[in-house]
Amino acid sequence: MNEEPTHPRESGDPSPCEHCDEYLSGWKRAQADYQNLKKESEREKMEFAKYANERLLSDLLPALDQFGLALRFIPDTSTLPEEEKKKWNNWLVGIKAVATLWEQAAKSAGLERIPSEGMFDPMKHEAVGEESSKGSESGSIIRVMEDGWALNGKVLRPSKVIINK
C-alpha cells in the first residue's frame with residue numbers, strides 16, 4: 001500500500017496527459033497567432049490614423065494654393081504716402097504670419113509641398129506642357145503651374161509642371 005505514485009506515462013496507463021504535448025503545442029501556436037493578429041491590428045490602426053484626415057486635407061489644398069498665389073502678388077507700397085504705406089505693411093506682416101501658421105499646421109498634419117526642382121518625376125509631377133529652354137536639360141522642370149502635395153509621403157495631388165523638350 002505504500003507504493004509511490006508514478007507518472008502516467010511511466011506506468012503505461014492511459015490518462016488525460018496522453019496528449020499533453022500535443023495540446024501544449026496547439027496552445028502555443030494559438031497564442032502566437034493571437035499575438036500576430038494583435039500586432040497586425042495595431043499596424044492597421046496606425047496606418048488608418050496616419051491617413052484619416054486625407055479627405056479634409058485634400059479639400060483644403062485649393063485654399064492653401066490660393067493663399068500662396070495671393071502672397072505672390074503683394075502690391076508695391078513704395079509709391080504710397082507714408083501713413084498708407086505703414087497700414088499696408090502692417091497688414092502684409094499679418095498676412096504673412098497667417099501664411100506661416102497655415103504652413104505649420106499643414107506640416108504638423110503630415111502635409112508637405114512636393115519639391116518641383118530638377119528632373120520630372122512621373123510619380124510626383126504631372127506634365128501639363130513642354131517648352132524649349134536653353135541651358136536646361138531635356139525633361140527638367142522649367143516652371144510650376146500648381147504645387148503638388150503629399151500626406152506622410154503619399155502623393156495627394158501631383159505638381160503640375162512645364163518641362164523642357
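So, the largest pocket: there's about 160 Å³ of space in it. Keep in mind as we go that this is a predicted model.

Who lines that pocket? We've got Asp65, Gln66, Gly68, Leu69 and Arg72, then Arg113, and then Met145, Glu146 and Asp147.

Which helix gives the largest share of the lining? That's H3, with five residues. H3 runs over 54–72, and strand S3, at 141–146, also supplies at least two.

Let me pick out one of those lining residues, Asp65. Asp65 sits in helix H3. Is Asp65 buried or exposed? Its relative accessible area is 15%, and the cut-off for buried is under 20%, so Asp65 counts as buried. Leaving aside residues up to four places away in sequence, Asp65 touches Arg113, Glu146, Asp147, Trp149 and Arg157. With Arg157 there's also a polar contact between the two side chains, at 2.4 Å.

Okay, over to helix H4, residues 82–108. How far apart are the end C-alpha atoms of H4? They're 39 Å apart, and that agrees with the 39 Å you'd expect for 27 residues at 1.5 Å a residue.

Now, which residues of H4 are buried? Those are Leu92, Ala99 and Ala106.

Technical notes
Residues are numbered from 1 along each chain as its sequence is written. This is a predicted model: local features need pLDDT of at least 70, side-chain atom pairs count only at pLDDT 80 or more; totals for chains, interfaces and linings use all residues. Side-chain values use heavy atoms; hydrogens and water are left out. On a 1 Å grid over the protein atoms alone, a cavity is a set of points where a 1.4 Å probe fits but cannot get out, and a pocket is an open set with protein on both sides within 12 Å along at least five of seven lines; lining residues have an atom within 4 Å of a point. Grid points are joined across faces, edges and corners, and a volume is the space filled by probe spheres set on the points. Helices (H or I, at least four residues) and strands (E, at least two) are DSSP runs, numbered from the N terminus. The expected span of a helix is 1.5 Å times one less than its number of residues. Buried means under 20% relative accessible area, exposed over 50%, partly exposed in between (1.4 Å probe, protein chains only). A polar contact is a pair of N or O atoms within 3.5 Å; within protein, one must be able to donate a hydrogen and the other to accept it, and residues adjacent in sequence count only if both atoms are side-chain atoms. Contact means heavy atoms within 4.5 Å.
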